[in-house]
Amino acid sequence: MNTRAISLLLILTLTTGASLLLALYSGSIDISWQEIISSFYTDQKNMKQQLVQELRLPRALGAFIAGGLLALAGALLQVLLRNPLADPYVLGISGGAAVGALLAILVGAGGLVISGSAFIGAFCSMLLVFGIAHGQGSWTPTRLLLTGIILAAGWGAVINFILVISPDQTLRSMLFWLMGDLGYVQSTTPGFIVLIFGLLISLPIARSLNILAQGELQATSLGIETRRLRIIVYLLASMLTATAVTMAGSIGFVGLVVPHLIRMMGFSDNRILLPAAILFGGSLLILADTLARTVIAPQQLPVGVISAVIGVPLFLFLLYRGQIQRL
Amino acid sequence: MSILLETHQLSVTIADKTICQKLDLQIKSGQSWAILGMNGVGKTTLLHTLAALRTPQSGTIELLGKNIFQLNKRAIAKILGLLLQDHEDAFPGSVMQTVLTGRHPHMNNWQWESAQDIAIAKQALAFVELEEFAERSILTLSGGERRRVALASLLCQQPKLFLLDEPTNHLDLRYQHRLLDNLSTQLRQQNKTAIMIMHDVNLAMRYCNHALLLFNDGSHQIGFCNEVINKESLSRLYDYPMRSLKENDTEIFIPG
């Protein structure tokens, strides 16, 4: 690993820390740094310290985890499909999750049931795409991509149907779910475990992924069991996406753009790109969520809106600055 | 001379087309083979079969005495290296990064390239005369330069057996000769072996000592270049009249 890569990871780690602190500090109630810091070790917390520990911290951690999961899943899928336009939702996983979640909201279920139902939807969608694309044995990226896109279109129609037949009072929470909202985060532990698991699986296969980007034949002739590798990547990316959408709905943009932002900075080696994507995606979403809950407080915005508002100009700026040939 | 790659009664077909039937091939170390034949006759398919990228209809392929389809891919990649006809760069990196991918079969999953791997890559880049391009992006290269990077990547892999699919694709006349010349010198010095698909008969005569001719009717001919390559066999091979010119004992074939 060269010094440039180490500095990138170091800077992104510091950015993550800084965005976490900012998220703990920002909100409708002013809390001093002293109280924030002491909230981590005092047993007898006052109201403000409880607010930090029980509301702001879990929400910021949830944002980091969801952002990290999505960025990692996006980077993996872009390599798997050898397509720069791929994102975590391209294979229809979020569509399945959305149908599950919306049905739960429709029948008036609470948070945990919504999450569970979303996860089941995502899982069914993953099995469907895998089964259909894999059916005849050959498993080209194009075939997988088309299967996913068509299935996503199908889910889209079901989502619209549910929205049309839903009563007005549930529509708002449905729309928030669809746009991605961290208000739904129940517990950060499962997401954190999946994120760490994803990182541990993807690091040892990262060098093989660099070669997979050069095509199936080249990878096989360099000693990679491509079939096994692609199944691992598909299952892993699906699991990461399913976990992210279960936690926070379909937050768009992070999974597509973060891997490209890192590539545009000159890091196309997946051994650096994948961990960097987690840190970058995570901190981007912490910042976006912090803005989402403060910018027109006490009114809250869906985080997906803000992540696009930050990401689009950033992406266009880097593209315009002439790094486009790296894409 | 030890036998590196051997086929017994190998039959390869693709979409009902017979590429070869009952092919018995013995590739020994130090030899350099040319595969010649018309477009679409199945040269690439046969080469991929020899590299265990696809399974044959019947017959066996042995690499160093072992059934190649029972070896794992990494074990094969340490012995046998393949230069593909075309390159795909979905997310292109630098020239150095691309050349270093050749070290993949020699490294375990958690390993990073060592100083020795980088030295091998630099040597390979020097071989194809692209040392100064190490930090350039792959996307800034011309077709011929990209081809030379692919060859450097293969050299970096350090296989015993080189399978080359049209190695002179995109190369200008100077590099066609410089690279094939350097390659045959290196193969000779290190007692390594090459099988290359060629379209230029005269290049094949100059740099290879053995030839496999694949005819359009599914038959084949094997032997020393100067025995199997003549104007009659070439006329039949390409379905086009060929004639030969002689200059100082060197025979040159031109379309008649």
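The points below take up the basis of the model, its helices, its sheet, some single residues and the chain contact.

1. Basis. This is a predicted model, in which local features need pLDDT of at least 70 and side-chain atom pairs count only at pLDDT 80 or more, while totals for chains, interfaces and linings use all residues. Residues are numbered from 1 along each chain as its sequence is written, and chains are lettered from A and ligands numbered from 1 in the order in which they are written. Helices (H or I, at least four residues) and strands (E, at least two) are DSSP runs, numbered from the N terminus.

2. Helix 1 of chain A. The 23 residues of this helix (residues 3-25) should span 33 Å at 1.5 Å a residue, and the end C-alpha atoms are 33 Å apart, which agrees; the expected span is 1.5 Å times one less than the number of residues. L8(A), L12(A), T16(A), S19(A), L20(A), A23(A) and L24(A) of this helix are buried. A residue is buried if 20 or more other C-beta atoms, placed from the backbone, lie within 10 Å of its own, exposed if 12 or fewer, and partly exposed in between. The cover over these buried residues includes helix 2 (33-38), helix 3 (47-80) and helix 12 of chain A. Just after helix 1 of chain A, G27(A) has a positive phi of about 160°.

3. Helices 12 and 13 of chain A. The axes of helix 12 (residues 270-294) and helix 13 (residues 303-320) come within 8 Å and cross at roughly 115°. Axes are lines fitted to C-alpha atoms, for helices over the stretch in contact, and angles run from 0 to 180 degrees between N-to-C directions. Residues of helix 12 of chain A, among them L284(A), L287(A) and L291(A), meet residues of helix 13 of chain A that include V303(A), I306(A) and I310(A); contact requires C-beta atoms, placed from the backbone, within 7 Å. The residues of this contact comprise 9 nonpolar, 2 polar and 1 charged. Here Ala, Val, Leu, Ile, Met, Phe, Trp, Tyr, Cys and Pro count as nonpolar, Asp, Glu, Lys and Arg as charged, and the others, Gly among them, as polar.

4. Sheet of chain B. Six strands form an open sheet in the order 6-7-8-3-9-10, with mixed pairing; two strands pair if DSSP finds at least two bridges between them. Strand 6 (80-83) and strand 10 (220-224) of chain B are the edge strands. Strand 7 (residues 161-165) and strand 8 (residues 193-197) of chain B run parallel and are joined by 5 bridges, and L161(B) has T193(B) as its bridge partner. Helix 1 (residues 43-50) of chain B packs on the sheet, its direction making about 150° with that of strand 8 of chain B.

5. Backbone of chain B. Most residues other than glycine have a negative phi. Q9(B), not a glycine, has a positive phi of about 50°; Q9(B) lies in strand 1 (residues 3-14) of chain B and is exposed, with 12 other C-beta atoms within 10 Å. A52(B), also not a glycine, has a positive phi of about 65°; A52(B) is buried, with 22 C-beta neighbours inside 10 Å.

6. Chain contact. Chain A and chain B each contribute 23 residues. Helix 8 (189-212) and helix 9 (216-221) of chain A each supply at least two residues of the chain A side, and that side divides into 8 nonpolar, 9 polar and 6 charged residues.

Technical notes: Contact = placed C-beta atoms within 7 Å.
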